[in-house]
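Here are some notes to read with the model open beside you. Take them one at a time and look for each item as you go.

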Amino acid sequence: MKYKTIPSETNLYFVTSRITRYTSIFTNDEIASIPLSSLTWFRDKNIWKLYAFCLMPNHLHILIEL
């Protein structure tokens with residue numbers, strides 16, 4: 001897995017994650033609830049401030065502040 005990290009002075013990050021071979025797994029509600037529950041948990045624990053997210057059939061975008 002490759003990660004490209006660009007330091008941010010504001011601690012504001014745009015993060016994208018995609019499924020291997022672009023498989024559309026998030027069309028299944030049970031599977032889609034997993035990353036959504038994780039986002040909620042991190043937000044509720046004040047680990048980051050969640051500004052926005054977009055869950056697509058085969059990838060996820062989030063905008064967070066650490």
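The points below start with the whole chain and end with a few side chains.

1. First, some ground rules. This is a predicted model, so local features need pLDDT of at least 70 and side-chain atom pairs count only at pLDDT 80 or more, while totals for chains, interfaces and linings use all residues. Residues are numbered from 1 along each chain as its sequence is written, and side-chain values use heavy atoms, with hydrogens and water left out.

2. On to the fold. The C-alpha trace spans about 35 × 25 × 15 Å along its principal axes.

3. How many of the residues count as buried? The figure is 17% of the 66 residues. Buried means under 20% relative accessible area, exposed over 50%, and partly exposed in between, with a 1.4 Å probe and protein chains only.

4. Now contacts (heavy atoms within 4.5 Å). Take those between residues at least 6 apart in sequence: 49% of them join residues at least 24 apart.

5. For charges, count 7 positive and 5 negative side chains, with the centres of the two sets 9 Å apart. Lys and Arg are the positive ones and Asp and Glu the negative ones; His and the chain ends are not counted. Each charge is placed at NZ of Lys, CZ of Arg, CG of Asp or CD of Glu.

6. Next, the rings. The whole structure holds two aromatic pairs. W41 and F42 form an edge-to-face pair, because their ring centres are 5.1 Å apart and their planes are at 90°. F42 also pairs with W48, and this pair is stacked because the centres are 4.5 Å apart and the planes at 25°. Rings of Phe, Tyr and Trp (its six-membered ring) pair if their centres lie within 6.5 Å; planes under 30 degrees apart are stacked, over 60 edge-to-face and the rest tilted.

7. These ring pairs link W41, F42 and W48 into a cluster. Is W48 buried or exposed? W48 is buried, at 17% relative accessible area. W41 is partly exposed at 46%, and F42 is partly exposed at 29%.

8. Last, find R18, which lies over the face of Y22 at 4.4 Å from the ring centre. To count, NZ of Lys or CZ of Arg must be within 6 Å of the ring centre and within 35 degrees of the ring normal.
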